[in-house]
Amino acid sequence: MPKLTKRVVEATEIRDKDYIIFDNDIPGFGLRVLRSGKRSYMIQYRVGRKTRRMSLGLHGILTPEKARTQAINALAAVKNGEDPAGARDAARNAPTMEDLGRRVILDHATHHCKPRTVVGYRYYLKAYINPCIGTMKVRDILRSDIAKFHHDLRDTPVQANRCMQLLSKMFNLAELWGLRPDGTNPCRHIQKYPEKKRERYLSKEELARLGEVLRQCEQEGIESQSAINALRLLIFTGCRLSEIMTLKWDHVDFEDGALHLPDSKTGAKTVHIGAPAIEVLSKIERLDDNPWVITGKNPGAYLTDLQPPWQRIRKRAGIEDVRIHDLRHTFASTAVAAGQGLPMIGKLLGHTQVQTTARYAHLAADPVKAAAERVSSNIAALMGRSADNVMPFRSQSG
């Protein structure tokens with residue numbers, strides 16, 4: 001066995017089959033000569049009872065001296081109980097972010113999350129995460145990678161924050177599944193972007209126009225009756241879109257005037273409904289072979305997409321900036337105008353957190369201001385002064 005030098009390597013003959021010659025100075029360091037004429041450096045060592053081989057690189061790309069240095073380092077690792085070839089294979093076969101996303105959907109989300117959450121996860125993976133970092137290895141992701149990904153989505157802060165929530169969940173599960181060391185979630189300490197809560201409520205005039213358009217669509221038959229029924233129920237109940245679209249007749253209690261929903265965003269709940277909603281429900285044709293209230297075109301199915309008819313209807317009503325979810329906000333704002341307190345509004349909407357209902361607090365101040373104006377005007381009149389002549393109060397310092 002000669003010492004593998006440049007002259008020795010280039011002088012090796014090409015045979016009918018591959019063969020290996022080993023270096024006489026470093027046991028386990030060798031040169032594989034292929035039938036094609038290519039020559040590659042390698043090491044051979046034992047792990048337990050198994051003999052393993054690992055390629056170091058092609059001659060020409062690697063010099064004998066560099067290959068020898070790599071061989072010495074790798075064989076030293078073997079003496080320390082390591083398996084360089086096994087580590088390389090593990091690194092090569094390590095899951096990517098796309099692999100992790102797929103496993104999160106199959107092994108976690110489908111068993112622990114609501115169907116709409118799973119749909120959202122799939123969307124953010126396909127639209128944002130996979131195109132940007134899908135090919136990166138899970139264990140190689142650094143906080144700087146996640147920070148850059150989040151920064152690149154700064155113009156769409158809501159999407160950026162939702163992706164961060166999903167990524168944080170993915171890395172927590174990666175730690176649980178042994179794909180990353182504990183406590184290495186790279187999403188930690190990355191600050192989310194501020195989100196502006198959109199508040200759009202239909203005015204009395206807009207509600208009147210919407211009601212008229214719904215009647216016209218019904219009379220002219222230009223929109224499906226299921227879509228019209230769904231929109232009316234959304235307006236009259238303040239329910240979420242998914243709660244109405246997946247409403248079954250078994251959930252409807254005409255006697256008590258309630259919808260007993262077995263599952264919603266906040267879990268099982270009862271939605272108490274008024275006479276207008278009951279009237280809408282009573283006029284809907286109930287099909288023997290379909291359990292859903294808002295039926296779709298296919299037998300036994302419910303309507304899955306309300307957006308196309310809603311976009312046509314809102315355009316006809318002159319309210320093109322109104323989203324379907326704004327109908328729920330309108331229900332809440334109307335309740336505030338009627339003098340209902342925030343706790344009651346929270347119960348009507350099925351909120352489990354006080355903070356969720358608190359977004360309507362500024363609306364609740366309007367009736368109070370009106371009451372204060374009436375009271376103070378009455379007092380001013382009793383004191384012999386008209387409200388128009390009352391000077392605004394100024395403090396001594398101001």
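The model is predicted: local features need pLDDT of at least 70, side-chain atom pairs count only at pLDDT 80 or more, and totals for chains, interfaces and linings use all residues. Residues are numbered from 1 along each chain as its sequence is written, and side-chain values use heavy atoms, without hydrogens and water.

Arg180 is found in the loop between α7 (157-176) and α8 (204-220). Helices are DSSP runs (H or I, at least four residues), numbered from the N terminus. Arg180 is buried yet has no salt bridge. Buried means under 20% relative accessible area, exposed over 50%, and partly exposed in between (1.4 Å probe, protein chains only). A salt bridge needs a side-chain nitrogen of Lys or Arg within 4 Å of a carboxyl oxygen of Asp or Glu. A polar atom of the Arg180 side chain lies 3.1 Å from the backbone oxygen of Ile141.

Asn185 is found in the loop between α7 and α8. Asn185 counts as buried because its relative accessibility is 5%. Its side chain reaches the backbone nitrogen of Cys187 at 2.9 Å.

Val375, Ile379 and Met383 form a nonpolar patch on the surface, with about 310 Å² of accessible area together. Patch residues have over 30% relative accessible area and no salt bridge; like charges are joined within 9 Å, nonpolar side chains (Val, Leu, Ile, Met, Phe, Trp, Tyr) within 5 Å. Areas come from the Shrake-Rupley method with a 1.4 Å probe; for residues, only the protein chains shown count as cover. Met383 lies in the segment after α16 (361-382). Met383 counts as exposed because its relative accessibility is 63%.

Methods: Helices (H or I, at least four residues) and strands (E, at least two) are DSSP runs, numbered from the N terminus. Lys and Arg count as positive and Asp and Glu as negative; His and the chain ends are not counted. A polar contact is a pair of N or O atoms within 3.5 Å; within protein, one must be able to donate a hydrogen and the other to accept it, and residues adjacent in sequence count only if both atoms are side-chain atoms.
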